[in-house]
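I opened the notebook to go through this structure piece by piece.

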Amino acid sequence: MNDFDVIIIGSGLGGLLCGYILSKEGKNVCILEKNHQPGGCLQSFRRNGVDFDTGVHYIGALDEGQILNRYFRYFGLIGKIKFRKLDQNGFDIIAFDDEEYPMAMGFDNFIENLLPFFPSEKPALQNFVDALQKISKAFPLYNLEVPKDHKEDIYYNQSAYDFFNSFSITGSALPIRRMTNRKSSTSRHLLTDVLAGNNFLYAGNPGITPLYIAALINHSFISSAWRPVDGSAQISDRLTDQIRLAGGKLLTGREVSRIGIRNNSFNVTTKAGEQITADCLVSAIHPAQTLAMTDPSTLRKVFSDRIMKLKNTPSCFALFIVLKENSFPQLNYNYYFHSENSVWTAFPESAWPGSYMLYTPSCSGNNKYAKSMVIMTVMNFNEVRNWKRTSSGHRGMDYLDFKDQKTEILLTLVEKKFPGLRSKINFLDSSTPLTWRDHTGTPEGSMYGIQKDFNDPLKTTILPRTKIPNLYFTGQNINLHGVLGVTIGSVLTCGEMIGLDSLIKKIRNA
Ligand SMILES: Cc1cc2nc3c(=O)[nH]c(=O)nc-3n(C[C@H](O)[C@H](O)[C@H](O)COP(=O)(O)OP(=O)(O)OC[C@H]3O[C@@H](n4cnc5c(N)ncnc54)[C@H](O)[C@@H]3O)c2cc1C
């Protein structure tokens, strides 16, 4: 007899959602989490008396009847988590040196709000939103339908960059003025750069990123975009409570270091030497990390070689800022800035940072002024490779100097758009790819896990069911990253274990 029906490694969103489904289905579930707080990217942390979110800043498609709302209803989250709808006429602002363009909610509204900047391009804008609708309709789980005819397959090997580039129309350069006081504008931007201007959301890479990733993410946010109020840890707290109520176990401070497989069942060892057994194993951590802990004699070499060689999406550098009281307005939108006209060239190390995403977290109470601000930009792991053998709090003075230097460069760029920001800062902390690596356990602190590649979709797509009986993957590395992507991934994984058709039926009826 094993200790549990199912062990889940990792209590990020993927692990928790699988824990919820399986314990609700009567399975005896144990989730093992290396950190002391569950949630992974949903975790929050406190600096100078203010809570910050780790990795979920806004969520799409949460309006009544929309896809995430339907999933969240099944997971018991609707009505239990506080969200605030972002600005309907500009939930994302795509900014260049001299101009700012709004990405609006609602597909007709999206067109209407961009039309003043591209007055003769209504057909192109219509084509863009039609394409997003068509692509999202082709993915069955994005419509809570049982997969059958693989209509979605054609989008796996199409390039996001080529798709956006088909809208390479020059705008009329009519600036809207939000935070800047500029009176006129000289440069003109391409519609393609505006439409792809939030590509930090999927770490867009022109030669690699598949169309479906950019399309599904944009579709969900244009449907409706929401900010968690008082932090995204509410989601993990609620799921944890529900899992425990259904009889599931969640053990924190348990880093799994070895996975033994015998007679199709699993013996998992933690770093502290604890051993736990189960009939099934769901790995909600990076697949390469999973295989590195597994006895090689139980793995097919071709399979493990393929997974170990897969590339990952880049990591990021982030500033977590506590603002002086009443010094900076609460922004009900996300601000994506690009110093180059082409948003796709935003990632080369030589031009770092090139672009950034800035937002002010939402909290209950007075909303006129922001308490805090987060600024994020892509950073390659090479920048911090010198300190790769160090752990948090013990990386040395030169690492702190490096962080200060990068902070200065980033703040100088941000102050071009938000003059005087430095004088409004009460407290500032920063994170690097090492922080992400050590917090989430992803190789080189990758933000979104395995880099899906439209040139080779078969090789870079990870399926939830593995060749090893009773071993499954879930989380952002299968299907798609992000809250919606990981939610659908958890349904795919559990569907493999308990039957997808009946699970979808239950979610539809929730
Ligand atoms: C900077 C950033 C911003 C983002 N912003 C958004 C956003 O605004 N909206 C959105 O929808 N998505 C966003 N995302 C993406 C989203 O947060 C992730 O795709 C999603 O939360 C990943 O969930 P997961 O369960 O796959 O992995 P994770 O959240 O990484 O969870 C993995 C868990 O496994 C644990 N673990 C790792 N190794 C072990 C081990 N050996 N033993 C035990 N436990 C282990 C980790 O501690 C962690 O808790 C963002 C991501 C990042 C990095």
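**Entry 1: domains.** I am working from a predicted model. I looked up the domain assignment. It gives domain 1 as 4-43 + 232-310 + 452-509 and domain 2 as 108-177 + 185-222. Taken over C-alpha atoms, their centres lie 31 Å apart. I then checked the contact between them: domain 1 puts in 15 residues and domain 2 puts in 15 residues. On the domain 1 side, α14 and α15 (500-509) each supply at least two residues. I sorted that side by class and got 10 nonpolar, one polar and four charged residues.

**Entry 2: nonpolar core.** Next I looked at the largest nonpolar core, which has 141 residues. Which members touch the most others? They are Val6, Ile7, Ile8, Leu68, Tyr335 and Ile375. Helix α7 (residues 211-223) gives the most to this core, nine residues. Domain 1 and domain 2 each contribute at least three residues to this core. I followed up on Tyr335. Beyond its neighbours within four places in sequence, Tyr335 contacts Ile93, Ala95, Leu358 and Tyr359.

**Entry 3: ligand.** I listed the shell around the ligand and found 34 residues. The closest are Gly10, Gly12, Gly40, Gly441 and Gly475. Two or more shell residues come from each of α1 (13-24) and α14 (482-498). By class, I noted 16 nonpolar, 15 polar and three charged residues in the shell.

**Entry 4: helix α12.** Gly441 sent me to the helix before it. Gly441 follows α12 and has a positive phi, near 80°. Helix α12 spans residues 433-440. Which of its residues are buried? I found Pro433, Leu434, Thr435, Trp436 and Thr440. These buried residues pack against β14 (315-323), β17 (372-379) and β18 (425-431).

**Entry 5: Ile81.** I ended with a loop residue. Ile81 sits in the loop between α2 (67-74) and β6 (83-85). Is Ile81 buried or exposed? Ile81 is buried, because 20 other C-beta atoms lie within 10 Å, and 20 or more is the cut-off for buried. I then asked what Ile81 touches, not counting residues up to four places away in sequence. The answer is Pro228, Gln234, Ile235 and Arg238. I also checked Ile81 against Arg258. The pair is 177 residues apart in sequence and 36 Å apart in space, C-alpha to C-alpha.

Technical notes. Residues are numbered from 1 along each chain as its sequence is written. This is a predicted model: local features need pLDDT of at least 70, side-chain atom pairs count only at pLDDT 80 or more; totals for chains, interfaces and linings use all residues. A residue is near a molecule or strand if its C-beta atom, placed from the backbone, lies within 6 Å of it. Helices (H or I, at least four residues) and strands (E, at least two) are DSSP runs, numbered from the N terminus. Ala, Val, Leu, Ile, Met, Phe, Trp, Tyr, Cys and Pro count as nonpolar, Asp, Glu, Lys and Arg as charged, and the others, Gly among them, as polar. A residue is buried if 20 or more other C-beta atoms lie within 10 Å of its own, exposed if 12 or fewer, and partly exposed in between; C-beta atoms are placed from the backbone. Two residues are in contact if their C-beta atoms, placed from the backbone, lie within 7 Å. A nonpolar core is a set of buried Ala, Val, Leu, Ile, Met, Phe, Trp, Tyr and Cys residues joined through C-beta atoms within 7 Å. Domain bounds come from an automatic or database domain assignment.
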